[in-house]
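Subject: Structure handover

Hello,

Here is the structure I promised you. Please open it next to this email. My notes on it follow.

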Amino acid sequence: MKKIAFLALTACMIFTSCEKIVGDLDFLDHDMEIQGTVNPTLGVPVAHGSVSVYDLLQMVQVTEATIEIGNDNIVTIVYDTNIEHRVAIDNDGKAWRKGFRKNHYKATNYVDTAHNSIQGAVKIDIFDNIDSSLNGASIEVDNLFVNIGAFVIAESRENALNAMNAYHVTVFYDSLFLSAIGKDGSEQRVDLPNVVPVDSLIQGQYIKLFDKEDISQVINKRPVEIRYGVRMNIAFAAEFYETDVTASEFVADSVGIDSVNIDADIKVEFPVSTSIRDLTYNTDLKFAPSFNLGDLSLDESMLILYCDNGLPLALDLTASLIDSTGNELCKILDPTPTTLNGAPVGSDGNGHISAVGKSHTELKVPITASVFDNILKTKGIRIEAVLNTTPTGSATNNKVAIKSNDMLDILVTAKIKPSYPFSYDLNNNNNNSSKGGQK
């Protein structure tokens with residue numbers, strides 16, 4: 001009985017409510033408007049810039065060098081030059097020295113040689129500029145490779161080749177050496193035991209004297225010049241050298257060779273596998289916001305620096321707003337400097353330790369009173385950094401290779417929170433009926 005009474009009461013209440021709503025439907029005939037304050041958050045690009053290894057190398061000012069990319073993508077500083085020699089074979093023997101050397105060329109029974117030494121040098125300015133222009137920064141280089149080749153051809157008479165074959169005359173190079181002249185004037189020499197045969201002196205032949213010879217042991221001398229030397233030998237068999245003539249007379253008169261022309265090319269390579277400590281670098285990013293700077297508000301808006309570091313270098317970063325003349329207006333990072341981790345490093349499979357990814361850092365800059373006062377005069381953001389190579393974790397190899405695609409990328413955006421009144425007329429679906437402040 002109680003259950004039936006409860007249901008009847010409920011039904012009565014529902015009916016009464018419906019009647020009240022129907023009676024008040026005329027309120028829809030009045031104008032309706034939504035009003036309030038809106039605080040949107042916008043991310044707007046402000047500036048963008050990238051720092052590559054090429055930018056860093058410009059600081060070194062290697063005026064005598066070029067920058068090359070090897071097959072392994074390693075950036076390499078290259079010094080390259082050509083030197084021409086003409087060795088005359090005259091009958092007075094001045095150009096050649098004769099020496100009695102039993103079995104010097106062990107493949108045959110040669111007992112005498114005429115020989116002439118050839119020397120050259122290439123200037124190196126990388127270390128000189130590093131020490132003078134990088135404010136005490138320390139840069140170490142892991143390898144120094146030397147390539148020296150020479151095109152050799154004899155100025156000879158028509159029967160010279162036949163005479164060389166008939167007299168069993170052989171030409172070869174020996175006594176190869178490389179030396180580094182340090183900034184202090186000292187010389188460190190590396191003698192190489194190579195014997196390099198010349199098989200086609202008459203027709204001409206390109207010969208590799210040094211094939212990517214690694215003379216890393218001289219790097220600690222911080223060389224300003226690399227010198228090379230080699231001796232060209234003309235060897236004679238005993239049974240055909242029984243007269244009392246000089247070697248030069250034999251070669252010029254009997255063999256028919258008047259001179260030997262040598263066009264040598266010297267290439268010194270510094271692959272940038274390096275350890276860097278406290279190298280200072282700076283660059284300016286153009287400040288080009290796509291919004292009205294007056295939309296920024298104190299304490300609510302902010303600048304955000306998105307940093308993707310693909311360099312195997314950690315950066316102690318300082319950033320400043322600058323005006324149109326490059327004068328600093330105010331610093332914007334707290335703390336200053338702020339550390340950006342270097343890219344993670346690992347083996348690249350070719351014997352180098354190099355960057356194997358990127359480190360991502362997001363730096364937020366609140367619009368403080370100082371920033372707000374200066375930002376209307378801002379034309380750029382100056383990025384200054386002190387660079388140090390990422391630790392390799394190896395006690396024996398602390399150097400990292402710099403590759404051509406290693407890059408630090410910085411994108412600067414602004415997040416704006418302008419507050420403005422907003423109203424919308426619900427009686428008109430046309431968006432143009434909205435009114436109020438800025439959208």
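A word on naming before the details: helices and strands here are DSSP runs, numbered from the N terminus. A helix needs at least four residues, a strand at least two. By that count, K212 belongs to strand β12, which covers residues 205-214. Keep in mind throughout that this is a predicted model.

**Overall**

The protein chain has 439 residues, and 44% of them count as buried. It holds 6 helices and 28 strands. Take the contacts between residues at least 6 apart in sequence: 81% of these join residues at least 24 apart. The accessible surface is about 22,900 Å². Carbon and sulfur atoms account for 50% of that surface.

**Cores**

Nonpolar side chains tend to be buried together in soluble globular proteins. What does the largest nonpolar core look like here? It has 54 residues. Y173, L209, V268 and F270 touch the most other members. Strand β14 makes the largest contribution to this core, with 7 residues.

Look at F270 in particular. Leaving aside residues up to four places away in sequence, F270 touches V75, T76, I77, Y79, I124, I126, F127, V141, N143 and L144. A further core of 39 residues lies apart from the largest one. Its members include I276, L285, L296 and L313.

**Pockets**

Start with the largest pocket. Its volume is about 230 Å³. The lining has 14 residues. Which of them lie nearest the centre? They are G70, D72, T76, K212 and E269. Three strands each give at least two lining residues: β3 (66-69), β8 (145-156) and β14 (257-271). By class, the lining holds 4 nonpolar, 6 polar and 4 charged residues.

T76 ties two of these features together. T76 is among the residues nearest the centre of this pocket, and T76 is also touched by F270.

The second largest pocket has a volume of about 190 Å³. It too has its lining residues counted: 14, with M164, V169, V198, D199 and S200 closest to the centre. Two or more lining residues come from each of α4 (160-167), β9 (170-182) and β11 (196-198). Helix α4 gives the most, with 3 residues.

**Cavities**

How many cavities of 30 Å³ or more turn up in the whole structure? The search finds 2. The second largest cavity has a volume of about 50 Å³. H85, I118, A150, Y173, L209, Y228, V230, I262 and A264 line it. Strands β13 (223-237) and β14 each give two or more of those residues. The lining has 8 nonpolar residues, 1 polar and no charged ones.

Two of these names came up earlier. Y173 and L209 line this cavity, and both are listed among the residues of the largest core that touch the most other members.

**Backbone points to check**

Most residues other than glycine have a negative phi, and most peptide bonds are trans.

Two are cis peptide bonds. The bond from D334 to P335 is cis, with omega near 5°. The bond joining T336 and P337 is cis as well, with omega about 0°. Where do these prolines sit? P335 is in the loop between β19 (328-331) and β20 (338-340). P337 lies in the loop between β19 and β20 too.

S175, in strand β9, has a phi of about 55°. K212, in strand β12, has a phi near 50°.

S175 has a relative accessible area of 37%, so S175 is partly exposed. K212 comes to 48%, so K212 is partly exposed as well.

Best wishes

Note on methods:
Residues are numbered from 1 along each chain as its sequence is written. This is a predicted model: local features need pLDDT of at least 70, side-chain atom pairs count only at pLDDT 80 or more; totals for chains, interfaces and linings use all residues. Side-chain values use heavy atoms; hydrogens and water are left out. Buried means under 20% relative accessible area, exposed over 50%, partly exposed in between (1.4 Å probe, protein chains only). Contact means heavy atoms within 4.5 Å. Accessible areas come from the Shrake-Rupley method with a 1.4 Å probe; for residues, only the protein chains shown count as cover. On a 1 Å grid over the protein atoms alone, a cavity is a set of points where a 1.4 Å probe fits but cannot get out, and a pocket is an open set with protein on both sides within 12 Å along at least five of seven lines; lining residues have an atom within 4 Å of a point. Grid points are joined across faces, edges and corners, and a volume is the space filled by probe spheres set on the points. Ala, Val, Leu, Ile, Met, Phe, Trp, Tyr, Cys and Pro count as nonpolar, Asp, Glu, Lys and Arg as charged, and the others, Gly among them, as polar. A nonpolar core is a set of buried Ala, Val, Leu, Ile, Met, Phe, Trp, Tyr and Cys residues joined through side-chain atoms within 4.5 Å.
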